[in-house]
Amino acid sequence: MKQVLHVEDMSVTFALHNSEVHAVREMNFSLAQGETLAVVGESGSGKSQAFLAIMGLLAKNGRAGGRAMMEDINLIGMEPNQLDKHRGKDIAMIFQDPMTSLNPTLKIKTQLGEVLVKHRGFERDKAVQAATEMLERVGIPEPAKRANAYPHELSGGMRQRVMIAMALLCQPKILIADEPTTALDVTVQAQMLDLFKSLTEDFGTALVLITHDLGVVAGVADRMMVMYGGRAVEKGTTDDLFYDPHHPYTLGLLHSTPHIAKRAERLDPIQGLPPSLENLPKGCSFNPRCAFAFDRCLVERPPLAPTENGREKACHYEGPMAYGKVA
Amino acid sequence: MVGYVTRRVLSAIPIALIAVTACFFILRLAPGGPFDGERALPPTTLANLRAHYNLDLPLIQQYFIYVGRLLQGDFGPSMVYNDFTVAQMLWIGLPFTLMLGFSAFIIGTIVGLVAGALSAVNQNKWPDYVLVFLVMIGLVVPNFLMAAIMQLVFGVYLDWFPAGGWQNGSLAHLVLPITVLVLPHAGRTARLMRGSMIEVLGTNYVRTAKSKGLGQRLILARHAIKPALLPVVSYLGPGLSYLLTGSLVVEQVFALPGIGKYFISAALNRDYGLVLGTTILYMFIILAVNLLVDVIYAWLDPKVRYS
């Protein structure tokens, strides 16, 4: 498979008043054409910031390092006006909150059409027509009428469909979806995931799905990357990670997800709170919350390293993992 | 949109009525009357004068007589300038005052919007600091003081512009008074624009626009300006009323032939008809401008049109 994105040693830091916070460190992954990668982690694990950095959308005090190669161009540290040649065209992003991610003062057709005018050089009329077709494609009824509407006239699910249509207008190589279903009703979530899957397949677009919801990952993602405290702690195929997690944190996440087929009395959450990035624990960042931590975990941070069976994890513990009462 | 405008026009009627009523009675609460001079008038003369202007009737009856005339477009006579009706006096001074106020309004609004937007785009860089400093000066120095400073610096020391007077429409005579009026208005507008622009630039939809690769210029022009204007536009109505009342003072300082001179002396002399007439006319202008502002607001924010 052809690689569309290759991220090497990427880091994201934020300058505070008199200190620096490392939101993402030593991130490495690659993304193949048409593949779906799920990036999973709790709030503050750095999963969103990593991809905002790739899109050049970090807050003013944020700085990205390392490389994010899209073919032979490095997106990290690129001048905004250079980046604008690729953003929206080769690499697009969908955000968590469809209610606020569309401009309330502009019609849907304007917000969609401008992408084609900018990147494809379409005339305005032709751009609006193509945009309307795309709206139909993402399952919006009466697309011509909706194209003439303002965002507040559409429901949340509709707006997220509009966002998807907008991101896919130029058939990008990479689509980053940051918690695309979090703000939606559960009934709409499944439809939205189906839509992602079918459209990215049609266009051969590689999809990065940033989420904390493993239920979302299960049906859609080919591979998973689990993040904790700004670092990847486990990587592998979705099946491997679901059926045989190697990192205690992955296991914890799986156990804190409700399962429809099992009649569990209570969910088994991961104890404790996600760490403050300003003050990460010594050794393994996860050690204060880990059921398997031993003395080595308190002093030495485990690197993300290949395991014998060809997967990657960042954990010292090698024994079997029996966790709580469910496993 | 038509329905929206009609509703706004209709809702202005009770406001106008309340304002007229309030002005009428508040003015009468002030002690003294139009015929209190340094030398008391003979009682019979005073009684005749009061009867002539209906001042001997009960207040409530005077009110209805006044409103009745007003509805026919009659502002009544001036009680101090015997040979003039209020309408004639307004006709002499008001066009100039309005010209002064509206020129300052238009210039100040444009200057304020541009300065505020520039400030926001360069937030916490030197152009922002310079603009915020200038805005502060415009805001904190009262207009009568600013007028005197301008006269002294640009009129006397530098001698660039005339320090006062009005020679039948020479533009040079208008530069200083308009500048004095523009500064606070531009300052307030700029402050509002800066704040709302900074807020808009941090919204999710501007982030979306960036993620589409639209480029700074298009993002500002199409995605940021319109929503950023909303709070500024709602200030413009009150802003104009500050300007029009401010121009009364500025006219005095620069010896300009507007309504200001008459209005101030009318208030001191208790020339009821003239004070009421001026106030009511101002009120109508401000109501009309607010109506216009509401319409602009509805154009900027599609949500407003339906509520």
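Modeller: Two strands pair if DSSP finds at least two bridges between them. Strands (E, at least two residues) and helices (H or I, at least four) are DSSP runs, numbered from the N terminus. This is a predicted model, in which local features need pLDDT of at least 70, side-chain atom pairs count only at pLDDT 80 or more, and totals for chains, interfaces and linings use all residues. Residues are numbered from 1 along each chain as its sequence is written, while chains are lettered from A and ligands numbered from 1 in the order in which they are written.

S4(A) pairs with strand S5 (residues 73-74) of chain A in the antiparallel sense, over two bridges. Across that pairing, Met69(A) stands opposite Asn74(A) in S5(A). The two strands form a hairpin with two residues between them. In the turn, Glu71(A) has a positive phi of about 55°.

Now the surroundings. Chain A has eleven helices and twelve strands. Its C-alpha trace spans about 65 × 50 × 40 Å along the principal axes. Of its 327 residues, 47% count as buried (20 or more other C-beta atoms, placed from the backbone, within 10 Å of the residue's own; 12 or fewer is exposed, and in between is partly exposed). Among contacts in chain A with a separation of 6 or more, 63% join residues 24 or more positions apart; a contact means that the C-beta atoms of two residues, placed from the backbone, lie within 7 Å.

Chain A also meets chain B: 25 residues of chain A are in contact with 18 residues of chain B. On the chain B side, helix H8 (204-211) and helix H9 (216-254) each supply at least two residues. H8(B) gives the most, with six residues.

How far to trust this? pLDDT is the predictor's confidence in each residue, from 0 to 100. Chain B has a mean of 85, with 99% of its residues at 70 or more. Within chain B, confidence is highest in H8(B), at 93, and lowest in helix H10 (residues 260-269), at a mean of 79. The model scores ipTM 0.88 and pTM 0.81.
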